[in-house]
Amino acid sequence: MEWLARLQSIDRRWIYAAIWVACALPFVVNIKLPVYVSPETRRLYEFIEKCPPGKVVLVDSAWDAGSQGENWGQVEVVFEHLLRKRIPFIITSVEVTPLGPQFADQVIERLVREKFPDRKYGVDWVNLGYTKGGWQAMQQIAKDIRQQYKKDSRGYSLDDAEHLPLMQRVRNIEDIYLIYSVTYSPLEDWIPFIHGVYGTPIAFGCAGIQSTTYYRYLLSGQLVGMLVGVRGAAEYDALLHPNLRDRNSMGTKLIVPQAFGHLVIIVAVILGNIGYFAARRRRG
Amino acid sequence: MEHANLQIFIAIVLFSFLILWKIFTARRGRGGFIRRIPGLNEIDEAIGRATEMGRPMIFHPGVGEVQNVGTLAALGVLGHVARKAAQMGSRVIVTTAIPVVVPVAEDIVKQAYTQAGRSELFNSEDIRFLAASGDQLALATANVMEQEKTAAHFFFGMYDYTSLLLTEPGQRTGAIQIAGTDQYFQVPFFIASCDYTVIGEELYAASAYLTREPTMLGSLIGQDYAKIIVLAVIVLGALSTTLLGSQNFFVQLIGVYR
Amino acid sequence: MTKRRFIALVTFLAGLYYFLEFVVPPTIPWRTVRGEVVSVSPQSITLLVNGQQQQIPVEPTLKVYRERPTGAPESVEPAQLRPGDRVSAGPTTYLSDWLTPVNNFFIVLGSMAWGMGLISLAMVHSGNIRRRRPEWYGSVVFFLAVGGGIVAGLGYGAEGGWLKEANDVVFNYLLRPMSSTVFSLLAFHMATASYRAFRVKSGEAALMMTSAFVVMLGQIPIGLWLTHGLPSFLQLPVMAQWVLYIANSAAVRGMWFGMMVGAIAVGLRFWLSLERGAFFDREL
């Protein structure tokens, strides 16, 4: 029984090693896992499916290197859906970080190169870059987007019909079908200042740990859908590609180390409790 | 919501009235009872322990801006910690990622040592702006913990994902760790890695709890009255919606964004 | 006037402005007209008020709010109005007009403290070097890194040249990977923290552990695989969804209500300088 009691004091380096193996294994062995699609992911997917012609999606890509593990996949799958259905979209980052639009560019460039070579910048998407101003910037975008942005991230004027034909039919919130905010912890200001005033549907893509505060918005209908961490990206990829073999997004790849990592933590906690109870029994 | 509608205005006035009423009532000697909050009880113990061991303490006021409510509450706790440390002749190191917090924290700690008659123990280099971002600050603070061999760690304020990066290395030094945050999703990390955790609004109650000042106690009691009103509105709203449908009189009365 | 009383007065006036800006209507209530837009011209707006037409002259001090379908008001220019819009119009109370300049003032004021951080760091590290404290060479590296970072920052937005290369190296090839690396440390720390802390010492701990396992397994494909043969309400992903949507939302809402009321109290105490322990050793 003594060895059982020792289970509650395993050297932490063994746990580090187990986590390392769990996270590194999928890079060595090619594994794809099926996922259960949660209601919040399915709602976002079905909402984008119903987008009427002529409308545009605004993507608030406000993440940086620290959260790219979770947000990259969330942006990638939605961009793929929008490009596939030829729903034009506008990329920006409001308040949080100026790096997000640059990362979004990298995601789109890869998608266009590999899957949608006929999609064009200025026609299918526009990147407006970073803007500051919090909820006031959001309201300005809603009233008149040209009051908040004069040029896009490449330096073209928003009135330049030759390079940005998409922007010629986007004036204000009336032209926007959905606002999809992707960052570690999306600003809740979108909900009272845009959804509450204009009724525009909002969706979030957030880190797993932050998602717990946003479920109440899903229940109240203030969010139309949500992608939760890596799992949300993997679920969305499952909706885009029903066949497991066709899925190769970041979310599908990263759900595997996440799954193994969770297992390691669960096993470690169980072992620790076995050790605890064994030690308690020994003490009588 | 850019401006208050009638219902919000009434709520603000009512809550403010309740809080101010109880503050002034408490100042006239009619204070109240606060239940025990274990995390806050242990602060004095931790300071005493660090003093006995002859090792300094670290106080980390979170990564929120100085106007953030959690940061303000944390600075209130810092005042108490600094006063106790000054009385016992112990050293407090404050680390922060917000430059504006540096002069504020310096003022608080300096005042505490001066009032205790131990101004010679105050060192402005103990109030340290270590880095501009939370993750770098966490690593730098962990480095300070190891270098200075701190015996007590206090983490109060607004925290993001870097909370665990602070508390796990702190655990390994063997120091006693007490944390308090209003960030709901960081609470599990603190509970897992700290000896005592103060959750949510208990952080806002910290000043009142530690100083037992009538003003603070009165404010706490006023808050509880306000919460009772909120609870009553929730219960009445849920009952009325269940029994009378979603467009009943009570819902119309409370109605938001109108 | 003593320094403390002066600080208290300035604090009160600043807080008073924000309080009034929020609670005072944006237009003078007794001179505000509510009605439906009949026609708009550069000189006036014609509204239908209680069955009668009323002309409102368009003046520089006029503020117009349009009621959105959500019921929320939206600030608009008279030229943006359309017949049929439900609006309220009246002379401005000026408080909201000053919001942006006041905010900018406090941002500038706050930015003056940015130098404090650098000065504090410089003092600490120069002290380390002067007194040859242990690992003083790290402080030398600090000054070199600050200098290098400033030089590299000059290359931000540059088209080419060595400055751009330096910027890329420092920010894209050093800072970004290091940020991701630091973020990934959380996985290891979470595993050891969970292993060390989560012991079933009581009934509540057992309940917490059970819900943690359900949610963790429900988030990953293994949870689906373990319980796919069971009725749907017993499947781990479905149970995890219930915990996140219902139990978690109730807890979050309860906490948020308490925290928001607490925030009102803290704000009130600081506004009226009633806060003790932080900045004042005696009452005013």
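Predicted model: local features only at pLDDT ≥ 70, side-chain atom pairs only at ≥ 80, totals over all residues.
Biologist: Why is Asp159(A) called partly exposed?

Modeller: Its relative accessibility is 48%, and partly exposed is the class between buried and exposed.

Biologist: And what makes Arg146(A) and Asp159(A) a salt bridge?

Modeller: The term needs a side-chain nitrogen of Lys or Arg within 4 Å of a carboxyl oxygen of Asp or Glu. Here the closest N and O atoms are 2.8 Å apart, so the pair qualifies. Arg146(A) sits in helix H7 (residues 145–148) of chain A, while Asp159(A) is in the loop between H7 and strand E4 (176–182) of chain A, so they tie together parts 13 residues apart in sequence. Helices (H or I, at least four residues) and strands (E, at least two) are DSSP runs, numbered from the N terminus.

Biologist: Is Arg146(A) buried or exposed?

Modeller: Buried, at 11% relative accessibility.

Biologist: Which residues are joined into one network by salt bridges that share partners?

Modeller: Glu174(A), Arg66(C), Arg68(C), Glu74(C) and Asp85(C). Over all chains, the structure holds 29 salt bridges.

Biologist: Which parts does the pair Glu40(A) and Arg231(A) tie together?

Modeller: These side chains meet in a salt bridge at 3.4 Å, N to O. Glu40(A) lies in helix H3 (residues 39–49) of chain A and Arg231(A) in helix H10 (residues 229–240) of chain A, so the linked parts are 191 residues apart in sequence. Glu40(A) is buried, at 0%, and Arg231(A) counts as buried at 4%.

Biologist: How far apart in helix H4 are Arg84(A) and Glu80(A)?

Modeller: Four residues, about one helical turn, in helix H4 (residues 68–84) of chain A. Arg84(A) is partly exposed at 35%, whereas Glu80(A) is buried at 3%.

Biologist: What is the mean pLDDT of chain A?

Modeller: On pLDDT, the predictor's confidence in each residue from 0 to 100, chain A averages 92, with 99% of its residues at 70 or more.

Key:
Residues numbered from 1 in each chain as written. Chains lettered and ligands numbered in written order. Heavy atoms only, no water. Buried < 20%, exposed > 50% of the residue type's maximum accessible area, 1.4 Å probe, protein only.
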